[in-house]
Amino acid sequence: MTELTSAISGKKGRALFSALFIGALSVPAAGAAQTADAAAILNASNASNASTSINTTSNASNTGDTSKTGGGKTSDSDTGNANKAGNSNSNSSSETGSITVTAKTADASRTMTSGYQPLNTSTATLTTMPLLDVPQVVNTVSDRVIADQHATTLDEVLNNVSNVVQTNTLGGTQDAFVRRGFGSNRDGSVLTNGLKTVLPRSFNASVERVEVLKGPASTLYGILDPGGLINVITKRPQQTFSGSIQGTSTSFGGGNGALDVTGPIAGTSLAYRLIGSVQDEDYWRNFGKERSSFFAPSLTWFGDDATINVAYSHRNYSTPFDRGTIFDLNTGHAVNVSRETRFDEAYNITTGESHLAQLNGEYRLNNQWTAKFDYSFSQDKYGDNQARVMAYDAATGNLTRRVDATQSSTQQQHAARFDLQGNVVIGGLYNEILTGVAYEYYDLLRTDMIRCKNVKDFNIYHPSYGSTGKCTSVSAADSDQRIRQVSYSGYVQDALYLTDQWIAVAAMRYQYFTEFAGKGRPFNTNTDSSDSQWVPKLGLVYKATPNVSLFANVSRSFMPQYSIASYIGELPPETATAYEAGAKFDLFDGVTGNITLFNIDKNHVLYNDTVNGETVAKTAGKVRSRGVEVDLAGRLTDNVNLIASYGYTDAKVMEDPDYQGKMLPNVPRHTGSLFMTYDFNNVWDGNTLTVGGGGHAVSRRSGNNGEDYSLQGYAVADAFAAYKIKTQYPVTLQVNVKNLFDKTYYTSSIATNNLSNQIGDPREVQFTVKMDF
């Protein structure tokens, strides 16, 4: 078996990483020298009655604000968000031309959301730029939205975001999303706190909010599809004691509970947080159980100039491995049986455990420069059994099934990043500079793969279970499946404030990677390659008013090609170029929104097809996705909150001998969502009643690569009511009704055939009791 040399131990890798690290460390000194030169020049000009000066102050007690006055940012106070944002503030003065740079404290201290409204984000630029200054779209689903909707999965959270939909979830066991027409399961697009992980499900009781960065993100985040990334941001320890305990019962049967406690450790500069949850619920189809337990302790040290956070989480899970239903190619619809009827066996279960450990450190070097270090280790181990549908006889309803199993699958991911962030004046212009290096290591190993012979043993109209038991035959040709990928990167970004209204953002990344994949006993190497890429990004923002900005950007992304099952040798990576233009705005002193047009061209696209029951890797010459997005979130009045979205995507294969002109599977032309709430204050004795509702809709999607059938469009409505009782320890009673009208709908397909299509959940009523303390 060919062995891939670890990038850390390889000479080329060590040399590259050392060069990037030294280069990153040299930036503050150069920047400081340039800042000093600028100060000297500008102070000299002041002596001769020139109009520009620099005043640098340090304020350890402030909230992390960075203020500039003069030819840079427009004041956030003009937007009405100065007190809410806690971020980068500026006051322009053409008369004095002074630029005041105040050092920021830890990002965690900034107010990121207010109710439904997003205020700030570090996902887009890894710096503290306000949303209106960023030439790229970031959509945020806040903690308040998540609580009101009582979201229990990442799918439910992302129903609120335009042009993000579910794709092949591996039988409902994995997070998997298409963004702007591109994406798959295990594509590395779901991050936790800005770092890649191998968690099969990233949403849990520790999640505070979810941010979606649209468009290519490879310049700052490395190997990714061009549709964007999803950043799940978790709760951190607080220096004030607080907590909550809650329990939920569901109409499906069973329920779940959660505990969250945080506070300071007396006599120290430390704060802790303990989060835990348990789930024991009946699966809504005719058999199955959803069981899981989750535990997440974290600890933060708060210093005058530094913050260090250590977090760990552990999850045990047992979930139905359910590949859904069959679509009949003759009728173009799902087979005519009850949506509750499963076509597999009771042993179709995936059981496993996942771990996540993260370390985040931030140190303020001086008034202009801050150093940050982020590290993440994640691991997921699971095993499964399944009776897989291999063929369907439309005339009789008979199924051909094969019993498969994965005895042991282990994935591991190391991700590390070291950044230097500087707020400096160079040549009389304000710059927000980011430079850094990154390292990633991914490893997947599936040992014993179980395969039995095809059998005709099931009829969908007369289901009978238990006639076919588990399989124990190890397939030597399919076992020892391995993927290993190692990469190092260096990157630099500058947000240059040209005038009060114009902001230019330019970035470049260099990434070197090696990858290795194959399977079998004896082992067959099907991928063994290395390559490097330069990944640029350029954006421009025009602040038309303090509340409206126009932006445009062009960027590139890349995704290396690999295949476990089929020999592909050393193919060039998938590459994409994206163009984006739009507008961002703050309305009604409480609503943030965006309107965006985009076009993405992707080349050398690798996809999987099924030939004679086996998965085969193929490539399409060129794929294009273009569309428009509208997103709104915030407070319309003191009592009314909303989050809404609309997305249009035209994604098709442009060049390919087999699929030219075909729509990409699982990509709808239209997506839409709306959710609104109304707060009735002082209903009785100071108590608050909140009611709300809304829904989401998705249009028709192609079911497979050949566009042989389609998943019909659907619209699903939800409603909720919450009554908060003001006592010493406030108690909230909440009812959520999901899929209010009990719509039957299909959320995604496996994309390679018509035999596996996920069914959306039927109507569910959840009742939650929560106490805060």
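Visitor: In what order do the strands of the open sheet with mixed pairing run?

Guide: Quick ground rules first: this is a predicted model, where local features need pLDDT of at least 70, side-chain atom pairs count only at pLDDT 80 or more, and totals for chains, interfaces and linings use all residues. Residues are numbered from 1 along each chain as its sequence is written, and side-chain values use heavy atoms, leaving out hydrogens and water. Strands are DSSP runs of E, at least two residues long and numbered from the N terminus, and they pair if DSSP finds at least two bridges between them. This open sheet has five of them, in the order 7-12-13-10-11.

Visitor: Which strands stand at the edges of that sheet?

Guide: An edge strand here has a single partner strand, so one side is left without a neighbour in the sheet.

Visitor: How many bridges join strand 40 to strand 43?

Guide: Strand 40 (residues 731-738) also pairs with strand 39 (residues 714-725), antiparallel over seven bridges, and a hairpin of five residues links those two. Ile725 sits opposite Val731 there. Towards strand 43 (residues 764-772), Thr732 has Lys770 as its bridge partner. That pairing is antiparallel too, and the bridge count is eight.

Visitor: How far apart in sequence are the parts that the disulfide ties together?

Guide: There's one disulfide (cysteine sulfur atoms within 2.5 Å), formed by Cys452 and Cys471 with their sulfurs 1.8 Å apart. The link is right-handed, with 85° about the S-S bond. Cys452 lies in the loop between strands 25 and 26, and Cys471 in the loop between strands 26 and 27, so the tied parts are separated by 19 residues.

Visitor: Which cysteine of the pair is buried?

Guide: Buried means under 20% relative accessible area, exposed over 50%, and partly exposed in between (1.4 Å probe, protein chains only). Cys452 comes out at 28%, so call that one partly exposed. At 5%, the buried one is Cys471.

Definitions and conventions
Helix = DSSP H or I, 4+ residues; strand = E, 2+ residues; numbered from the N terminus.
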